[in-house]
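Morning, everyone. Please take a look at this structure with me.

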Amino acid sequence: MKTVSENACFGGVQGVYAHASKATSTDMTFGLFLPEEAEDGPVPVLWYLSGLTCTHENAMVKAGAQCWAAEHGIALVFPDTSPRGDSVADDDAYDLGQGAGFYVNATQEPWAKHFKMWDYVTDELPNLIDANFAIDPERQSIMGHSMGGHGALTMAMGLPGHFRSVSAFAPICNPTASDWGRKQLTAYLGEQENAWEPHDATLLMQKAGFDGPILIDTGTNDQFGDLLKTESLATAIAMRRQQATIRLQPGYDHSYFFVSTFIEEHIAFHADALYA
């Protein structure tokens, strides 16, 4: 692992690190904020998964999350959204290929060699961070925005007992029924729709739900609202009587202005679960 940068930040350290990934067979870069408390021992960790076209840097720079994570003594991890490099398959469209890994393990060509983002985020990167930094692997929660909200919800429900809480900003809630999903799941996983089901939050909610609290915020002026399918997940949550809060925030869109407005509340929500 190589240190790309480390900067003092709200009493802690905001670092950026690079490493050779076995999961993706590429070099990967991630951001990690460690609060001041990490100097004295392991701290709980909150994962932030970003959306389409993003890198590790978008939320790290734009969300304003470090201030509130420092207040609660929580580490923040900002993974990249896909493998990258000249040898990595890509597509001319912004919503497929590099920057659009959709947090799945691709099985189809030309994606299968490198696009193993589920394994990278849920296995390889956590083990790397646990081995090198003062984080507590027994206290983890996860959040995300848009495609990253999809990833956060599916990982939380797909890995029972792994995360104490999950939240999302404008998540893609029902990708098997959306153009933000069917295209990517077909490309990465093939045409058999039963292979898509573990990566659809609405279907996972109908089947099993989540063993912890959920918080979801979506703006009423979200320009991608029809693609998100928030109503489908809300119906599944109501049918299961899942512990969850879905808030439709009046006037807000899909941008990081929206995320930064409510990030304090999301981190406080996770702090309640991480310190319970």
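Charges, then. The protein chain carries 15 positive and 35 negative charges. Their mean positions lie 6 Å apart. Keep in mind that this is a predicted model.

Next, the overall build. How many helices and strands does the protein chain have? Nine helices and nine strands. The radius of gyration is 17 Å, close to the 19 Å that the globule rule gives for 276 residues, so the chain is as compact as a globular protein of that length. Along the principal axes, the C-alpha atoms fill a box of roughly 50 × 45 × 35 Å.

Now the surface and the inside. Of the 276 residues, 58% are buried. And take the contacts with a separation of 6 or more: 72% of them join residues 24 or more positions apart.

On to the core. In soluble globular proteins, nonpolar side chains tend to be buried together. Here, the largest nonpolar core has 86 residues. Which of them touch the most other members? Phe 30, Trp 47, Ile 129, Ile 142, Leu 153 and Tyr 188. Helix α9, residues 256-274, gives the most to this core, with eight residues.

Stay with Tyr 188 for a moment. Set aside its neighbours within four places in sequence. Tyr 188 is then in contact with, among them, Leu 96, Ala 100, Phe 102, Val 104, Trp 111 and Phe 115.

Phe 102 sits in the loop between β5 and α3. Is Phe 102 buried or exposed? It is buried, because its relative accessible area is 0%, and the cut-off for buried is under 20%. The backbone of Phe 102 has a phi near 60 degrees, a positive value in a residue other than glycine. As background, most residues other than glycine have a negative phi, and most peptide bonds are trans.

Glu 109 and Pro 110 are joined by a cis peptide bond, with omega about 5 degrees. Where is Pro 110? In the loop between β5 (75-78) and α3.

There is also Ala 170. Its phi is positive, about 45 degrees, although Ala 170 is not a glycine. Look for Ala 170 in the loop between β7 (166-169) and α5 (179-189). Ala 170 is buried, with a relative accessible area of 0%.

Start with Ala 134, between α3 (117-132) and β6 (135-145). At 24% relative accessibility, Ala 134 counts as partly exposed. Ala 134 and Ala 38 are 96 residues apart in sequence, yet 5.6 Å apart in space, C-alpha to C-alpha. Leaving aside neighbours within four places in sequence, the contacts of Ala 134 are Leu 34, Ala 38, Gly 41, Pro 42 and Val 43.

Then Arg 241. This residue lies in the loop between α8 (230-240) and β9 (244-249). How does it count, buried or exposed? Arg 241 has 77% relative accessibility, so it counts as exposed. Arg 241 and Gly 251 are ten residues apart in sequence and 28 Å apart in space, C-alpha to C-alpha.

That's the tour. Happy to go back to any of these spots.

Notes:
Residues are numbered from 1 along each chain as its sequence is written. This is a predicted model: local features need pLDDT of at least 70, side-chain atom pairs count only at pLDDT 80 or more; totals for chains, interfaces and linings use all residues. Side-chain values use heavy atoms; hydrogens and water are left out. Helices (H or I, at least four residues) and strands (E, at least two) are DSSP runs, numbered from the N terminus. The radius of gyration is taken over C-alpha atoms; the globule rule is 2.2 Å times the number of residues to the power 0.38. Buried means under 20% relative accessible area, exposed over 50%, partly exposed in between (1.4 Å probe, protein chains only). Contact means heavy atoms within 4.5 Å. Lys and Arg count as positive and Asp and Glu as negative; His and the chain ends are not counted. The place of a charge is taken as NZ of Lys, CZ of Arg, CG of Asp or CD of Glu. A nonpolar core is a set of buried Ala, Val, Leu, Ile, Met, Phe, Trp, Tyr and Cys residues joined through side-chain atoms within 4.5 Å.
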